[in-house]
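Here is a short report on a ligand and the pockets of a protein. Look at the structure first, then read on.

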Amino acid sequence: MAEIVIVHDEAAAGALVADEIVRLIGADPATVLGLATGSTPLPVYEALRPRLHGVDVSRVRGFALDEYVGIDPAHPESYRSVIAREVVEPLGLDPSRIRTPDGSADGIERHGEEYEAAIAEAGGIDLQILGIGTDGHIGFNEPGSSFASRTRVKTLTEQTRRDNARFFDSIDDVPMHCITQGLGTILRARHLVLLAFGEGKAAAVAAAVEGPLTASLPGSAIQLHPHATVIVDESAASHLARADYYRYTYANKPDWQGI
Ligand code: PGA
């Protein structure tokens with residue numbers, strides 16, 4: 001099963017993940033990171049900033065999970081712009097080594113395969129940061145997504161478009177389609193780190209971690225992964241049946257294991 005770590009706040013979660021990323025880069029300066037957008041990963045990027053002072057990040061590579069289809073790449077809410085603003089610039093990464101799926105409509109039928117090839121050429125993703133949608137999606141793999149899926153175009157659910165309307169002037173401006181790493185793509189990353197904060201995520205987290213393995217709840221795919229870490233605050237943990245066991249396990253974990 002995934003390791004579940006219940007922390008008291010987002011900053012503690014960010015620190016745990018940032019420490020692991022710094023350790024990875026120290027061991028391999030060409031570490032390949034799987035980057036997520038949305039509100040959830042922000043504490044990780046904030047915690048990374050001071051920790052990367054003096055660390056050579058010139059060879060770090062990164063692949064974003066997803067992108068809207070048809071959005072102008074220069075639009076402030078394109079994930080290309082979001083990753084540049086929230087990750088690449090503050091952390092001093094080399095923009096030429098950071099990719100988002102190509103969401104331009106022209107040639108969209110080829111962009112998934114091209115993205116898969118780029119990830120493979122980089123040697124695969126070492127650590128993939130994940131959030132989870134209120135409908136259980138990871139990346140933009142909406143309910144029903146195949147566990148074997150690769151990077152491809154998906155249609156966003158109304159629920160996801162409503163959730164993301166906060167980033168746009170209105171829900172009508174949220175694109176209908178996205179291009180996202182598939183569940184099969186995500187499962188090939190060497191370490192999955194899924195973060196969730198707040199009561200609104202509690203049901204999705206419990207279903208992903210303790211519910212049946214089902215494409216109807218794409219986050220449950222993490223149960224198939226040999227090294228998955230789920231880091232949640234008390235609110236997001238509030239529907240977990242075995243929360244006491246997870247606390248006990250983590251409290252008794254040998255220091256050498258890391259996350
Ligand atoms: P959020 O989105 O981090 O903005 O809540 C998570 C997701 O949709 O995967």
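## The ligand and its pocket

A polar side-chain atom of histidine 137 sits 2.6 Å from an oxygen atom of the ligand. That value comes from a predicted model. In serine 39, a polar backbone atom lies 3.0 Å from an oxygen atom of the ligand. In arginine 166, an N or O atom of the side chain is 2.8 Å from a ligand oxygen atom. On its own, the ligand has 280 Å² of accessible area, and the protein covers 84% of that area.

| Residue | Part of the residue | Distance to a ligand oxygen atom |
|---|---|---|
| Histidine 137 | polar side-chain atom | 2.6 Å |
| Arginine 166 | side-chain N or O atom | 2.8 Å |
| Serine 39 | polar backbone atom | 3.0 Å |

Which residues surround the ligand? They are Gly38, Ser39, Thr40, Gly131, Ile132, Gly133, His137, Arg166 and Lys201. Sorted by class, this shell holds six polar residues, two charged residues and one nonpolar residue.

Now step back to the space itself. By class, the lining of the largest pocket has eleven polar, nine nonpolar and five charged residues.

## The second largest pocket

Next comes another pocket. How much space lies in the second largest pocket? It holds about 220 Å³. Among the residues that line it are Pro73, Arg80, Ser81, Glu89, Pro95 and Thr100. The lining also includes Ile83, Ala84, Val88, Ile98 and Arg99.

Which elements each supply at least two residues of this lining? They are helix H3 (79–91) and strand E5 (98–99). The largest share, six residues, comes from H3. By class, the lining of the second largest pocket has six nonpolar, two polar and three charged residues.

Definitions and conventions:
Residues numbered from 1 in each chain as written. Predicted model: local features only at pLDDT ≥ 70, side-chain atom pairs only at ≥ 80, totals over all residues. Heavy atoms only, no water. Near = heavy atom within 4 Å. Polar contact = N/O pair within 3.5 Å; in protein donor to acceptor, adjacent residues only side chain to side chain. Areas by Shrake-Rupley, 256 points an atom, 1.4 Å probe, with all protein chains shown as cover. Nonpolar A, V, L, I, M, F, W, Y, C, P; charged D, E, K, R; others polar. 1 Å grid on protein atoms, 1.4 Å probe; cavity = no way out; pocket = protein on both sides within 12 Å on 5 of 7 lines; lining within 4 Å. Points joined across faces, edges and corners; volume = space filled by probe spheres on them. Helix = DSSP H or I, 4+ residues; strand = E, 2+ residues; numbered from the N terminus.
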